[in-house]
Amino acid sequence: MQQSPTTCEGESLEKVTRLTTAGVTQVLDLFDLPRGKEKEEITKDARVKRIMDFLDKPCAAKGAKDLKAVDDAAKEKVRAKREATAAKKAKEQAKKDKEAAKADKLEKKEKKE
C-alpha cells in the first residue's frame, strides 16, 4: 500500500521535529547542510526546515566542500611528505657512506705509513 507524498512528507516532518537539537544537528552534518550562523538560522525550526527542503529536492549546498578534492589533496600532501622523507634519508645515508669511505681511505693511508 502506497502512501500519498503529502502523508509521507507529514510523517517525515513529524519524525525530524521529534529529534533533539543535537539530533537535528547530526542530520544536518550527515547531509552536509549548513547549521546556520545568524540568530534566525540557528533555531531548531529553521534547521528542520532546511532538512525538509533538502529532502524535498536534494542538491549540493552552495559553497559546500568537494570532499573528494579535499581527500585527494590530503593524500597528495602525505605522498609528498613521504617522498621528501625518503629523499632526506637517502641523502643522509649517502653522506654517511661518503664519510665511511673517507675514514677507510685515511685508515689505509695511515697503515701504509
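## Helix H2, inside and out

Leu30 has its place in helix H2, helices being DSSP runs of H or I with at least four residues, numbered from the N terminus. This is a predicted model, with local features needing pLDDT of at least 70 and side-chain atom pairs counting only at pLDDT 80 or more, while totals for chains, interfaces and linings use all residues. Residues are numbered from 1 along each chain, and side-chain values use heavy atoms, leaving out hydrogens and water.

Thr25 lies in helix H2 too. Here's how Thr25 and Leu30 are classed, where buried means under 20% relative accessible area, exposed over 50% and partly exposed in between (1.4 Å probe, protein chains only):

| Residue | Relative accessibility | Class |
|---|---|---|
| Thr25 | 12% | buried |
| Leu30 | 65% | exposed |

A polar atom of the Thr25 side chain sits 2.9 Å from the backbone oxygen of Thr21. Beyond its neighbours within four places in sequence, Thr25 also contacts Arg35 and Arg47 (contact means heavy atoms within 4.5 Å).

Now for the core. The largest nonpolar core has nine residues: Val16, Val24, Val27, Leu28, Leu33, Val48, Ile51, Met52 and Phe54. Such a core is a set of buried Ala, Val, Leu, Ile, Met, Phe, Trp, Tyr and Cys residues joined through side-chain atoms within 4.5 Å. Val48 touches Leu13, Val16, Thr17 and Val24, setting aside residues up to four places away in sequence.

Conventions: Helices (H or I, at least four residues) and strands (E, at least two) are DSSP runs, numbered from the N terminus. A polar contact is a pair of N or O atoms within 3.5 Å; within protein, one must be able to donate a hydrogen and the other to accept it, and residues adjacent in sequence count only if both atoms are side-chain atoms.
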